[in-house]
Structure formats: C-alpha cells, structure tokens
Amino acid sequence: MKIFTRTKEIEEYVLQLRLTGKTTGFVATMGALHQGHLSLIQQAQQANDVVICSIFVNPTQFNDPADLEKYPRPIVADIQKLEQAGCDVLFNPDVSEIYATHEQWHLNIGELEHLLEGKFRPGHYQGVTQVVYKLFNIVKPDTAYFGQKDYQQVMVISKMVQLLNMPVKLVMCPILREPDGLAMSSRNIHLTADDRLHSLILSKTLNWVKDNFNSDKIPEIKAAAEQLINNEPGVELEYFEIVDGDTLHPANQNTKNIVALVAARVGKTRLIDNVIISS
Ligand code: AMP
C-alpha cells in the first residue's frame with residue numbers, strides 16, 4: 001500500500017492514475033478502523049481499479065473538544081488492517097496539510113444542517129462538508145463510499161455534491177453490526193462492560209420498530225420506542241425519529257421511504273444508529 005501524508009504528493013499520484021485511465025474509489029475515515037470501514041473498502045474494490053482510503057481526524061467537525069481529544073488514533077494497527085484488506089493507497093495527512101490557520105468555511109445546505117444530528121451537534125455538518133470538499137478536491141475520486149450508519153451525513157454530502165456540481169458518484173453502504181446487533185463504531189471502545197450491554201437497546205428498538213411498523217400508527221410506535229430506550233439504565237436518549245428518508249421530516253401514512261434514526265448517550269459515549277424501514 002502506498003502511504004501519503006502530503007497533499008501535493010497524493011495529488012500528483014492521482015493525476016498519474018487518471019492519465020493512465022484507472023478508476024478510483026475513495027473511502028474517507030477518521031481511523032480506528034473496524035469491519036464497517038473495511039466493508040466500504042471491499043465495496044470500493046469491487047467497482048474500481050484503485051482504492052484510496054483517508055485517515056484524518058477532522059477537528060472542524062467536533063463540537064465537543066473532549067470528544068476530539070479522546071478520539072482513538074491507532075495508526076499502526078489501522079495501516080495493518082488496510083494492508084490486509086488490500087487497500088491500494090492511504091492518505092494520512094496532518095491537520096496543517098488540510099487547513100490553513102483561521103480558515104473559514106460555510107456552505108448553505110439548508111435545513112439538513114439543523115435537523116436531527118445537526119440540532120444536537122451544532123456546526124458538525126459544516127465541518128463535515130469542509131473536510132469532504134477538500135478530500136474530494138485532493139483525491140478526485142470517480143466514486144466515494146459512505147456508510148448508512150451516518151445516514152444524514154450521506155444526505156449532506158450528496159447535497160454538497162449537487163450544489164457544487166462535484167464530479168463524483170456517491171454510494172451508500174449497509175451498516176455492519178456486531179453479532180449481538182450493536183452497530184460497529186470507532187467510539188464503541190469507550191463503552192464499559194455495562195454500557196456495552198445497555199447499548200443493545202438501540203439496535204433492539206430499531207428492529208422492533210421495523211418489525212412492528214404500521215404507517216397508521218407512527219406516533220404510537222415512536223412513543224413506544226422512546227419509552228423502551230428511556231427505560232434502559234445508563235442510556236440517555238437524544239432523539240428517536242421516524243422520518244421521510246429523502247427529507248428527514250417526520251414520516252406520515254403517505255411516506256414511501258421511511259427511516260428510523262436514534263442518537264443516545266450510553267454512559268459517556270454518544271452513539272447513533274438507524275434502520276431503513278421502507279424504500
Ligand atoms: P468514521 O471513521 O466514523 O468517520 O467513518 C468513516 C466511514 O465509515 C463513514 O462513511 C461511516 O458511515 C462508515 N461507517 C462507520 N461505521 C460503519 C458501520 N458500522 N458500517 C458501515 N459503515 C460504517
């Protein structure tokens with residue numbers, strides 16, 4: 001695997017790839033890689049000549065400095081996992097390779113910015129669009145792969161690509177889970193043994209909602225789901241919403257694409273998860 005830490009160097013490399021007609025698939029990550037990340041790499045491998053992964057813990061998307069501080073950064077193990085997965089290129093820049101000092105950024109992505117995650121993580125999606133815009137400009141991938149795990153993030157990036165006419169195709173990949181249902185996440189290592197048990201209420205509740213879904217009873221189902229989570233010790237619910245998967249507005253009887261999304265603090269760790277109910 002080729003490893004680049006310098007923007008200029010990877011730019012030159014991808015230019016050569018383009019000149020030789022190679023297609024590129026891109027997976028952007030913040031590292032602490034798990035099987036979920038590697039499934040994106042695999043999907044990229046199936047459709048592209050060259051797969052490029054980035055590991056960059058993007059400071060501008062963290063609204064909580066403590067969260068940024070404690071974000072896991074096991075770069076040696078990550079490189080090993082990428083090598084084993086057969087990833088072709090890793091871009092692992094320092095913050096100074098990506099950002100000038102006191103850089104400003106704002107992209108009007110409309111109400112997506114303030115719904116759900118946006119409400120609980122002010123500024124988060126500005127940081128996400130800022131870094132993904134830069135990474136797309138540097139890596140210039142044909143196709144970029146993102147996880148359904150961050151459903152709203154896929155919508156935000158797709159909005160940015162549309163607004164700025166960026167020449168990249170986006171693919172949303174399914175959520176990978178632990179055998180007991182917990183959605184894989186780099187943050188799961190912060191869960192204590194007790195947290196780990198209590199965290200299962202999130203995927204259990206999402207599955208319950210999917211299995212018992214009735215479009216005439218959305219408010220009742222949402223209330224029951226909230227109650228299930230609120231009754232779980234050590235879990236503090238931020239939101240549980242059943243929405244139109246295209247707008248993130250609350251779903252009703254006529255909604256075709258329905259997604260249930262949840263965010264909660266389990267002990268000190270904030271977790272998100274979702275399930276597509278119909279599409
Ligand atoms: P992150 O490193 O958390 O920024 O995630 C990098 C990419 O991996 C994003 O597109 C995530 O949505 C995706 N991802 C994270 N967790 C999972 C998972 N459990 N299954 C599938 N994709 C995931």
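The protein is divided into domain 1 (2-173) and domain 2 (186-274), with bounds that come from an automatic or database domain assignment. This is a predicted model: local features need pLDDT of at least 70, side-chain atom pairs count only at pLDDT 80 or more, and totals for chains, interfaces and linings use all residues. Residues are numbered from 1 along each chain as its sequence is written, and side-chain values use heavy atoms, with hydrogens and water left out.

**Domain interface**

- The C-alpha centres of domain 1 and domain 2 lie 26 Å apart.
- In contact (heavy atoms within 4.5 Å) are 22 residues of domain 1 and 19 residues of domain 2.
- About 1900 Å² is buried between domain 1 and domain 2, and carbon and sulfur atoms give 55% of that area.
- Buried area is the accessible area (1.4 Å probe) that two parts lose on being put together, summed over both.
- Leu-116, Phe-120 and Tyr-151 supply 32% of the area that domain 1 buries against domain 2, more than any other three residues.

**Helices α10 and α11**

- Helices (H or I, at least four residues) are DSSP runs, numbered from the N terminus.
- Helix α10 (residues 200-211) packs with helix α11 (residues 218-230) at an angle of about 160°, their axes 10 Å apart.
- That makes α10 roughly antiparallel to α11 (angles over 145 degrees).
- Axes are lines fitted to C-alpha atoms, for helices over the stretch in contact; angles run from 0 to 180 degrees between N-to-C directions.
- The crossing of α10 and α11 is right-handed: the near helix is turned clockwise from the far one by less than a right angle.
- α10 brings Ile-201, Leu-202, Thr-205, Trp-208 and Val-209 to the contact, and α11 brings Ile-221, Ala-224, Ala-225, Leu-228 and Ile-229.
- This contact of α10 with α11 has nine nonpolar, one polar and no charged residues.
- Ala, Val, Leu, Ile, Met, Phe, Trp, Tyr, Cys and Pro count as nonpolar, Asp, Glu, Lys and Arg as charged, and the others, Gly among them, as polar.

**Helices α2 and α4**

- Helix α2 (residues 35-47) and helix α4 (residues 75-85) pack at about 30°, with axes 10 Å apart.
- α2 passes α4 in a right-handed crossing.
- Leu-38, Ile-41 and Gln-45 of α2 make the contact with Lys-81, Leu-82 and Ala-85 of α4.
- Four residues of the contact of α2 with α4 are nonpolar, one is polar and one is charged.

Note on methods
Helix = DSSP H or I, 4+ residues; strand = E, 2+ residues; numbered from the N terminus. Parallel < 35°, antiparallel > 145°, perpendicular 65-115°, else oblique.
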